[in-house]
Amino acid sequence: MAADVVYVVNNGLAVTTDRLLNAPAGNQPQWIDMGTGSAAATVLDTVLETPGAEARTVGEMTQETTSTADDTLQVVGTIEKTGAPGAIVECGLFTHLSSTTGFLYLRATFDAINLQIGDSIEFTIQVQYDQA
Amino acid sequence: MAHVAKQKRPEGRVSARVIKANGEVIELGQIAGPGITRADAKKGRDGRKRLNDLFKKEGGHGR
């Protein structure tokens with residue numbers, strides 16, 4: 001059983017401040033990936049522990065309201081299971097499609113979700129900035 | 001001494017639902033992050049049970 005934890009990782013904090021600049025050096029954290037690595041997410045993570053065979057998918061990004069107007073970033077995206085049937089226990093939000101460039105912004109680990117080939121999973125990832 | 005406000009790390013939450021190849025939608029609710037409600041926990045348990053049952057029926061080897 002994987003711990004159900006979510007962290008905006010340390011690189012994610014850098015992505016946030018970069019995106020506030022007039023000319024950000026990096027891209028938006030809009031690419032969703034999933035995997036089978038069950039080690040609980042930590043702030044030091046830079047990649048998924050064991051990414052799946054599936055390509056990252058681009059999510060739809062919106063601003064949402066949780067406590068204060070527009071205090072929450074939401075990314076929604078769907079990934080279809082390919083490769084082999086199995087349990088998904090981690091997902092992440094990245095700045096690029098390619099696994100060799102860009103940064104991990106957020107990683108989550110959770111209890112197993114068993115998928116067959118051809119099943120799809122829609123992730124809704126929310127990050128609330130109002131922590132006052 | 002001036003008071004310095006410390007901003008906590010932003011909080012993340014992840015919700016999910018599975019769309020089976022035959023079109024059946026299985027809601028899991030919030031699967032990670034703080035503030036999982038009883039309703040979400042039940043949705044997650046029921047959804048995973050349904051997925052596990054289908055997985056066995058379809059011949060998979062999940063966790």
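A: The model shown is predicted. The contact between its chains comes first: 27 residues of chain B are in contact with 32 residues of chain A. On the side of chain B that touches chain A, strand S1 (11-19), strand S2 (25-32) and helix H1 (38-57) of chain B each give two or more residues.

Q: Which element of chain B gives the largest share of that side, and how do its residues divide into nonpolar, polar and charged?

A: The size of an interface is often given as the accessible area lost when the parts come together. Here the description is by residues: S1(B) supplies the largest share, nine residues. The side of chain B that touches chain A comprises eleven nonpolar, seven polar and nine charged residues.

Q: In what sense do strand S8 of chain A and S1(B) pair?

A: Strand S8 (residues 120-128) of chain A pairs with S1(B) in the antiparallel sense, over nine bridges. Within S1(B), Gly12(B) is the bridge partner of Val127(A).

Q: Which residues touch the most other members of the largest nonpolar core?

A: In soluble globular proteins, nonpolar side chains tend to be buried together. The largest nonpolar core here has 40 residues, and those touching the most other members include Tyr105(A), Ile121(A) and Val14(B). Strand S7 (residues 104-115) of chain A gives the largest share of this core, seven residues. Leaving aside residues up to four places away in sequence, Tyr105(A) touches Val8(A), Pro29(A) and Leu93(A), among others.

Q: Does Ala69(A) count as buried or exposed?

A: Ala69(A), in the loop between strand S4 (60-64) and strand S5 (72-80) of chain A, counts as exposed because it has 10 C-beta neighbours inside 10 Å.

Technical notes: Residues numbered from 1 in each chain as written. Chains lettered and ligands numbered in written order. Predicted model: local features only at pLDDT ≥ 70, side-chain atom pairs only at ≥ 80, totals over all residues. Contact = placed C-beta atoms within 7 Å. Helix = DSSP H or I, 4+ residues; strand = E, 2+ residues; numbered from the N terminus. Nonpolar A, V, L, I, M, F, W, Y, C, P; charged D, E, K, R; others polar. Pairing = 2+ DSSP bridges. Buried ≥ 20, exposed ≤ 12 C-beta atoms within 10 Å, placed from the backbone. Core = buried A, V, L, I, M, F, W, Y, C linked by C-beta atoms within 7 Å.
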